[in-house]
Amino acid sequence: EPEMTTVTPKVMNRIDLLVADADAPVEVSEVESRLLDDESIAVRPVQSLVLLHDATLDRTTNGSGPLSQQTWEAVRQLDAGASEAAGGKALALYILLKHLPRGVDPLGPDNILVLANDRNLDHPDVYRMDTRTGRKTLLTSQTPGRAVGWLADRAGIVRIAITDEDDLKFAVHYRESDTAPWRKLVQYHPFLEPDRGFTPLAFDYDGTLLVTALAGDKTALYRYDLKESRLGERLVLHKDFDVSGNLFDPIGRGAGPIFDHVTRRLVGVQIEAERPEFIWFDQDWANWHALAARALPEAVNVPSRTSDNTKLLIQSFSDRDPGSWYFLDPDKRRLEQLVSAMPWIKPSEMRPRRFVRFKARDGLSLPAYLTLPAGEAKGLPLVVLVHGGPYVRGETWRFDPEAQFLASRGYAVLQ
């Protein structure tokens, strides 16, 4: 074949050589990794796999002795360029993952990040889980306090922790890497000091932290200045609804920033308005979303990109349809249905979910969803479904089986 996979013959234990390969026409770089001492494995498993060809340090570094007797603190100070060119630190395998070429999943195809309360019932940890074996590796052995939320960067390294403090306060902590110490960014009371707080949503590919914070009586999307510990540029503010995300908002499924893993850029934001809305920063994504909307006009269509950059995966749903997933080929303008969430549901027999507003006793306008049964909407019994809280959004414009069931039995449903 004329197109052959190129394999670099170098001993790849230096970040400068790896970066050079990423910029060159090299498809595969072979690396070898070895384990450090047992104590390092127990305390810092992520740093315990070091990219080094030999079992000893003598030939390829300026150190000496078996690698298996070294700690990460000692190895990270070594010069790993001794056998090739001066300068070049030895590196752990996780650092390589941060420098992978575009479009590569740093966790690998079989690994995901999960929360589990194995160590503490009230305060979960983050683990990397192998979905083939079920084996979990703890990533948050060093915690800054009673953690109630975590956020990882685009390389899968946990760098934000939300802790539960005394007097009903929350604190947001940040670290530069998984070996760096935690630094408190802010501590605030969500009811008494809402203007001081913010909610971390995601890291951009360049390391920028994206957060939501109050702008008037709505939350907006901001960049956060980690050096100055303050809000930076405001990116999005909706006139009627909060910009939210999924760190503390399990109802807002899918809401928040949208990234392109191929171009490694923030391309849009999904907002839970009366029904989900999208604000696009990238024209290609705006065009793809418009193409999906023309093909599936009665639904909300959430696009994402396949890892081979050839198709779009579209999640399509509505208030009467639990949703389906489609492959969309923008070039051929072809739509292929893959799977339906609840194929036994017939959307034509479901009832629409209307957005309404009504006034409370003090005059405050309250947003709600109203589902009415078929037939004349007069003198109907009303069921009010009350959500949890106290300060999260309760409902969104999606298929709700409980509301549909009650409406099928003749009840009006207010949420």
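These legends describe close-up views of a predicted model. Residues are numbered from 1 along each chain as its sequence is written. In this predicted model, local features need pLDDT of at least 70 and side-chain atom pairs count only at pLDDT 80 or more, while totals for chains, interfaces and linings use all residues; side-chain values use heavy atoms, without hydrogens and water.

**View 1. An open sheet of three strands.** The strands follow the order β5-β6-β7 and their pairing is antiparallel. Strands are DSSP runs (E, at least two residues) numbered from the N terminus, and two of them pair if DSSP finds at least two bridges between them. Strand β6 (residues 125–130) is joined to β7 by three bridges. Arg128 stands opposite Thr137 in β7.

**View 2. An edge-to-face pair, Tyr205 and Phe259.** The ring centres lie 6.2 Å apart, with 80 degrees between the planes. Rings of Phe, Tyr and Trp (its six-membered ring) pair if their centres lie within 6.5 Å; planes under 30 degrees apart count as stacked, over 60 as edge-to-face and the rest as tilted. Tyr205 is in the loop between β12 (199–203) and β13 (209–215), and Phe259 is in strand β16 (residues 256–260), so the pair ties together parts 54 residues apart in sequence.

**View 3. A cluster of aromatic rings.** Ring pairs link Phe278, Trp280, Trp285 and Trp288. Phe278 and Trp280 are stacked because their ring centres are 5.6 Å apart and their planes are at 0 degrees. Phe278 is buried at 16% relative accessibility (buried means under 20% relative accessible area, exposed over 50%, partly exposed in between, with a 1.4 Å probe and protein chains only). Trp280 is buried at 18%.

How values were computed: Helix = DSSP H or I, 4+ residues; strand = E, 2+ residues; numbered from the N terminus.
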